[in-house]
Amino acid sequence: MGNEALARLSEERVDHRFKGLPPDADGLTVGELAAQRRNLFTDGFTTPVLTLSAERLEHNLALMETYADRHGLAFAPHGKTSMAPHLFQRQIERGAWGITLAVPHQVRVARAFGVRRIFLANELVDASALRWIAGELTDPDFRLVCYVDSVSGVRLMDAALRAAAAGRPLDVVVELAAGEGARTGVRTDAECAAVADAVAATDTLRLVGVAGYEGEVPGADPERVRAWLRRLVALAVSFDKAGRFAGLDEIVVSAGGSAWFDAVADVFAEIPGLSVPVLKLLRSGAYVSHDDGHYRELTPFNRVPREGALEPAFRLWAQVVSRPSPGQAFVNAGKRDAAYDLDLPVAQVVRRDGAERPATGVTVTALSDQHGWLETTGEADLEVGDWLGLGLSHPCTAFDKWQLIPLAEADGTVVDYIRTFF
């Protein structure tokens with residue numbers, strides 16, 4: 001990756017753009033502030049403030065590196081989760097093949113920070129974006145693999161790349177839909193063949209494999225997900241037998257969100273020998289921070305505990321600003337600060353006078369834009385001024401609310417700051 005671009009992030013000045021940082025840090029560079037190793041609780045940070053656990057982040061990075069290696073999988077974690085170049089770098093240092101992304105802006109961010117391999121899990125038909133991609137393809141060290149899911153999409157891509165005089169073909173994979181009524185992707189084998197034929201008829205695109213997203217399988221359960229994954233593998237096998245991958249060094253077969261990567265590992269282990277080696281590309285992204293809700297319940301490690309366990313790395317700290325009745329309290333964090341699209345935050349710990357204890361009897365019942373509504377029982381010892389540590393559900397909608405996230409050790413020492421680009 002582009003270490004110079006990453007280094008320049010540490011030269012950015014801290015100011016009013018960044019929520020939760022100490023007001024007296026204004027004017028310092030991010031690097032200077034990190035070097036001070038301030039304590040989250042005693043050195044001027046303001047609430048609300050989202051933090052990442054340094055230890056848990058490292059644990060999750062290491063665990064998925066080991067998992068992918070154990071199962072013979074290449075790994076392109078989905079970068080739309082964090083949109084954080086520092087985390088991209090750490091994922092690549094931990095053996096990732098590259099980074100998965102979804103839209104042109106995200107690709108531009110990754111390229112600005114030197115990511116050399118990108119899997120674009122979407123059909124790209126925007127002529128301006130394709131013109132820019134054509135320019136990026138002049139870099140011989142850059143590889144982009146993109147979905148195609150329609151003949152019309154192929155035609156639009158071909159026209160834009162021809163107009164841009166792309167110097168080499170763009171690698172594409174046929175996206176297989178997860179079923180009728182699912183999200184994107186080609187629905188039938190005949191349509192898959194038609195899309196592949198359309199690609200073969202161009203000079204601007206090169207068919208390199210097949211892909212899809214098993215998380216969209218209707219009524220997803222282990223049996224249905226594995227059945228769809230076997231259909232994806234069968235599509236790759238049939239394309240190979242038909243000579244559609246002639247001239248390649250490897251065939252790409254890709255799937256894998258954060259809920260079913262155990263099924264992906266199992267079925268991809270069954271891929272038979274093809275005409276050239278297969279790049280079995282897993283794309284799970286939420287693992288990097290994990291969470292205290294949606295993915296805590298859905299993670300495949302619940303089904304395969306012998307392989308380890310991810311740890312939730314996010315904690316949102318808010319402050320009690322109102323205690324209007326014995327059964328109610330309010331904190332100063334709301335929809336602008338916390339993920340809430342899948343589950344409400346979970347009250348975990350209360351801090352007062354340097355002491356931390358479980359948030360017994362405290363439940364988050366609703367969020368306003370800038371307030372969290374708390375229901376409190378008689379067990380709740382909660383006062384105005386207390387700090388409340390909240391667990392979040394769904395990393396993808398937590399990262400995007402924060403531009404600069406303190407990376408804190410267990411004792412509250414902030415050792416770095418994670419910059420996001422949404």
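This is a predicted model: local features need pLDDT of at least 70, side-chain atom pairs count only at pLDDT 80 or more; totals for chains, interfaces and linings use all residues.
Local features need pLDDT of at least 70 and side-chain atom pairs 80 or more, while totals for linings use all residues. Numbering runs from 1 along each chain.

**Exercise 1.** Find which residues lie closest to the centre of the second largest pocket.

*Solution.* Start with the term: a pocket is an open set of 1 Å grid points where a 1.4 Å probe fits, with protein on both sides within 12 Å along at least five of seven lines, and lining residues have an atom within 4 Å of a point. Of 19 lining residues, Thr51, Ser53, Arg315, Glu409 and Ala410 are closest to the centre. Next, look at the elements: β1 (49-53), α3 (54-70) and β10 (314-325) each supply at least two lining residues.

**Exercise 2.** Work out how the lining of the largest pocket divides by class.

*Solution.* This pocket has a volume of about 560 Å³. Its lining holds 28 residues, with His78, Lys80, Arg183, Tyr213 and Gly257 nearest the centre. By class, the lining has 11 nonpolar, 12 polar and 5 charged residues, with Gly counted as polar.

**Exercise 3.** Which residues of α7 are buried?

*Solution.* Helix α7 covers residues 151-163 and reaches 18 Å from first C-alpha to last. Apply the cut-off for buried, under 20% relative accessible area with a 1.4 Å probe: Gly153, Val154, Met157, Asp158, Ala160 and Leu161 qualify. Their cover includes β4, α6 (127-136) and β5 (143-148). Just after α7, Ala165 takes a positive phi of about 55 degrees.

Technical notes. Side-chain values use heavy atoms; hydrogens and water are left out. Grid points are joined across faces, edges and corners, and a volume is the space filled by probe spheres set on the points. Helices (H or I, at least four residues) and strands (E, at least two) are DSSP runs, numbered from the N terminus. The expected span of a helix is 1.5 Å times one less than its number of residues. Buried means under 20% relative accessible area, exposed over 50%, partly exposed in between (1.4 Å probe, protein chains only). Contact means heavy atoms within 4.5 Å.
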